[in-house]
Amino acid sequence: MPELLSDRTAVVTGAASGIGREIAHTYARHGASVVVADVQEAPREEGTPTHEWIADETGADTRFVECDVTDRADLEASVDAADEFGGLDVMVNNAGIVGPVAPIQEIDREEYDRLRSINLDGVYFGCQVAADRLLERGEGGSIINMSSAAGMVGYPNISPYNVAKGGVRLLTYGLAAELGPHGVRVNAIHPGVIETEMTRSDFPIVGTEEGEETMETIPLRRFGTPEDVASVATFLASDLASYVTAESIVVDGGQLNTA
Ligand code: NAI
């Protein structure tokens with residue numbers, strides 16, 4: 001396999017589980033050093049902690065940093081940890097939760113604030129600490145923000161999630177304009193339904209009757225895997241995407257753009 005990311009160091013938030021875990025794994029397989037930043041070390045699904053798994057499998061330089069993305073100091077510590085491996089090149093702001101699923105009248109301020117502080121502010125300050133470090137290093141870089149199909153169109157009963165993911169999309173475009181002159185590319189990924197604990201238990205779609213119906217609306221007739229998203233995140237981090245910035249890549253088996 002060609003190594004698309006040799007000599008790169010990446011920080012991936014929310015990398016203990018699901019999509020972030022597979023991004024960390026794929027980056028390591030492509031030769032990157034990886035800082036796994038998460039509130040918890042153990043994956044939500046079964047398995048050994050991400051940094052142990054990828055070190056065993058790929059021999060990559062990797063470590064875990066306990067990081068709550070709502071805390072800017074934790075984000076800074078995660079980026080500092082990349083210095084052990086030569087310094088930050090790629091920042092993936094992936095950590096996120098589903099948050100409240102209810103009509104807007106039933107969502108209280110506390111639930112709204114919590115969702116926003118993880119899914120939007122966490123990405124915002126992740127971009128801030130990354131920009132600070134990338135500009136200081138002066139070697140360009142790539143920032144990848146995890147949005148959602150819900151950052152492109154509206155869905156009922158997840159208004160805080162819609163707000164955050166839509167915000168991530170426009171934050172991405174604004175920062176691409178701001179950081180492009182410094183050689184830093186900023187892009188967003190918008191997954192559809194991907195099989196993780198999020199869609200198995202927090203917002204159950206995978207394995208449900210509703211999920212079977214949803215699958216009929218997906219041209220490729222399957223839900224996505226973390227690997228499907230990790231491939232796109234690898235492309236965006238690599239030189240293959242050297243002229244790609246301010247872009248939103250939808251990874252949803254064709255659902256959003258088809259009738
Ligand atoms: P997941 O629940 O499998 O993994 C999320 C990870 O983020 C967990 O390891 C969790 O500990 C971590 N996390 C949660 N709060 C955190 C915090 N405050 N600070 C640091 N880490 C924190 O979820 P999944 O599916 O892997 O989602 C990853 C991202 O992809 C999220 O931003 C999600 O909104 C987005 N996404 C997922 C889709 C799906 O169908 N699974 C669809 C569209 C977007």
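**Ground rules.** I am working from a predicted model, where local features need pLDDT of at least 70 and side-chain atom pairs count only at pLDDT 80 or more, while totals for chains, interfaces and linings use all residues. Residues are numbered from 1 along each chain as its sequence is written, and side-chain values use heavy atoms, with hydrogens and water left out.

**Sheet.** I looked up the strand order and found an open sheet of 7 strands, β3-β2-β1-β4-β5-β6-β7, with parallel pairing. β3 (62–66) and β7 (248–251) are the edge strands, each pairing on one side only. From one strand to the next the twist averages 20°. Strands are DSSP runs of E of at least two residues and helices are runs of H or I of at least four, numbered from the N terminus; two strands pair if DSSP finds at least two bridges between them.

**β1 and β2.** I checked one pair more closely. Strand β1 (residues 9–13) runs parallel to β2 (residues 33–38), and 5 bridges join them. Opposite Thr9 I found Ser33 in β2.

**Helices.** I noted that α4 (residues 109–137) lies across β4 (90–93), β5 (141–146) and β6 (184–191), at about 175° to β5. Helix α5 (residues 159–179) lies across β5, β6 and β7 and runs at about 160° to β6. Axes are lines fitted to C-alpha atoms, for helices over the stretch in contact (heavy atoms within 4.5 Å), with angles from 0 to 180 degrees between N-to-C directions.

**Ligand shell.** I found 30 residues around the ligand, the closest being Ser17, Asp38, Arg44, Tyr161 and Thr196; a residue is near if one of its heavy atoms lies within 4 Å. The shell divides into 14 nonpolar, 11 polar and 5 charged residues, with Gly put among the polar ones and Tyr among the nonpolar. α1 (18–29), α5 and α6 (197–202) each supply at least two shell residues. The largest share, 3 residues, comes from α6.

**Polar contacts.** I listed pairs of N or O atoms within 3.5 Å. A polar side-chain atom of Ser17 is 2.7 Å from a ligand oxygen atom, and one of Thr196 is 2.6 Å from a ligand oxygen atom. At Ile194 a polar backbone atom lies 2.8 Å from an oxygen atom of the ligand. The protein covers 95% of the 820 Å² of accessible area (Shrake-Rupley method, 1.4 Å probe) that the ligand has on its own.

Note on methods:
Polar contact = N/O pair within 3.5 Å; in protein donor to acceptor, adjacent residues only side chain to side chain.
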